[in-house]
Amino acid sequence: MPHFYTAARHENWWGSAVQMDVLLVLAKKHGIPVAWITPAQTLSSLAAAGADHDDKLAVLVDSEDGIQALCRLKLEECTDEWIAGEVEAGEKAMAAWSDGHREAAACLAVAGVEQMLHNLTHVPRGRGAHKRLQKAGTKKPNDYLPKHQYVLAPLNAFYTPYDPDKGDAVPTTLSRHAVVHHLPLPHLSPGHCIIAVMLLISIIRETQERYDDIRDDLLMQASD
């Protein structure tokens with residue numbers, strides 16, 4: 001397999017035969033985390049499913065066991081002491097999910113992921129932060145090394161503006177604002193609960209990757 005292929009694509013994409021523009025649509029439009037933690041066969045099924053959001057959610061529910069297994073594997077790879085607390089939160093979310101408490105797992109995941117998102121995107125907290133986090137999910141992937149942007153692309157859907165006091169309809173895709181501020185339980189469908197935990201684990205794993213890169217850079221500088 002060519003080195004450039006592996007450098008530009010997440011390992012879980014290998015063998016899925018899904019084009020990268022299709023992966024980006026799954027992430028940006030449907031809020032589905034496609035990096036790190038979605039098995040290749042699930043990606044193929046998502047790409048082949050109908051265009052409706054419920055069609056995509058049905059695939060995730062059907063693939064739940066495989067997604068759980070890959071999430072556990074990727075969480076086990078996160079050993080950096082800097083993210084020990086985040087990993088513990090991920091483990092607790094996974095435990096709740098495995099025990100059938102999807103809604104509890106989703107709420108923990110949605111609450112636990114945001115600080116890591118601020119760290120990865122360098123978006124400071126404060127007024128307008130959520131709009132900037134959503135914008136971080138809309139950036140065009142780098143043509144040569146696009147992997148990082150696919151991790152953030154679900155933020156476009158996750159931070160869809162929603163204000164029930166203004167009469168806004170609950171977003172079709174998993175909504176951070178609905179879960180944190182309104183919590184309409186029908187919104188926490190099985191598929192959306194799966195997406196929430198997937199997002200948490202993918203961001204933890206990406207954070208581990210970022211810290212690995214920082215350490216590699218420091219070691220290279222020290223050896224010069």
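N12 is in contact (heavy atoms within 4.5 Å) with V34, A35, W36, I37, T38, P39, A40, L43 and L70, leaving aside its neighbours within four places in sequence. This is a predicted model, in which local features need pLDDT of at least 70 and side-chain atom pairs count only at pLDDT 80 or more, while totals for chains, interfaces and linings use all residues. Residues are numbered from 1 along each chain as its sequence is written, and side-chain values use heavy atoms, with hydrogens and water left out. Helices, in the text below, are DSSP runs of H or I with at least four residues, and strands are runs of E with at least two, numbered from the N terminus.

- N12 sits in the loop between α1 (3-8) and α2 (20-28).
- N12 counts as buried because its relative accessibility is 10%; buried means under 20% relative accessible area, exposed over 50%, and partly exposed in between, with a 1.4 Å probe and protein chains only.
- Two polar contacts of the N12 side chain go to backbone atoms: the oxygen of V34 at 2.9 Å and the nitrogen of W36 at 3.0 Å.
- A polar contact is a pair of N or O atoms within 3.5 Å; within protein, one must be able to donate a hydrogen and the other to accept it, and residues adjacent in sequence count only if both atoms are side-chain atoms.

- W36, in the loop between α2 and α3 (40-48), has a phi near 75°, a positive value in a residue other than glycine.
- W36 is buried, with a relative accessible area of 9%.
- L183 also has a positive phi, near 50°, and is placed in the loop between α11 (176-182) and α12.
- With a relative accessible area of 36%, L183 is partly exposed.

**Salt bridges**

- The count is six salt bridges, each a side-chain nitrogen of Lys or Arg within 4 Å of a carboxyl oxygen of Asp or Glu.
- E64 pairs with R102, and their closest N and O atoms are 2.9 Å apart.
- E64 is in helix α5 (residues 64-76) and R102 in helix α7 (residues 102-121), so this pair ties together parts 38 residues apart in sequence.
- E64 is buried at 11% relative accessible area, whereas R102 is partly exposed at 25%.
- In the salt bridge between R125 and E114, the closest N and O atoms are 3.7 Å apart.
- That pair links distant parts of the chain, eleven residues apart: R125 is in the loop between α7 and α8 (129-136), and E114 is in helix α7.
- E114 is buried, with a relative accessible area of 7%.
- R205 and E209 form a salt bridge at 3.3 Å between the closest N and O atoms.
- R205 and E209 are separated by about one helical turn because they are four residues apart in helix α12.
- R205 is buried at 9% relative accessible area, and E209 is partly exposed at 23%.
- Salt bridges that share partners join K74, E77, R205 and E209 into one network.

- One cavity of 30 Å³ or more is found in a search of the whole structure.
- A cavity is a set of points, on a 1 Å grid over the protein atoms alone, where a 1.4 Å probe fits but cannot get out; lining residues have an atom within 4 Å of a point.
- The volume of the largest cavity is about 30 Å³, taken as the space filled by probe spheres set on the grid points, which are joined across faces, edges and corners.
- G31, P154, A157, F158, L174, I195 and L199 line the largest cavity.
- Two or more lining residues come from each of α10 (155-158) and α12 (190-223).

Terms used
On a 1 Å grid over the protein atoms alone, a cavity is a set of points where a 1.4 Å probe fits but cannot get out, and a pocket is an open set with protein on both sides within 12 Å along at least five of seven lines; lining residues have an atom within 4 Å of a point.
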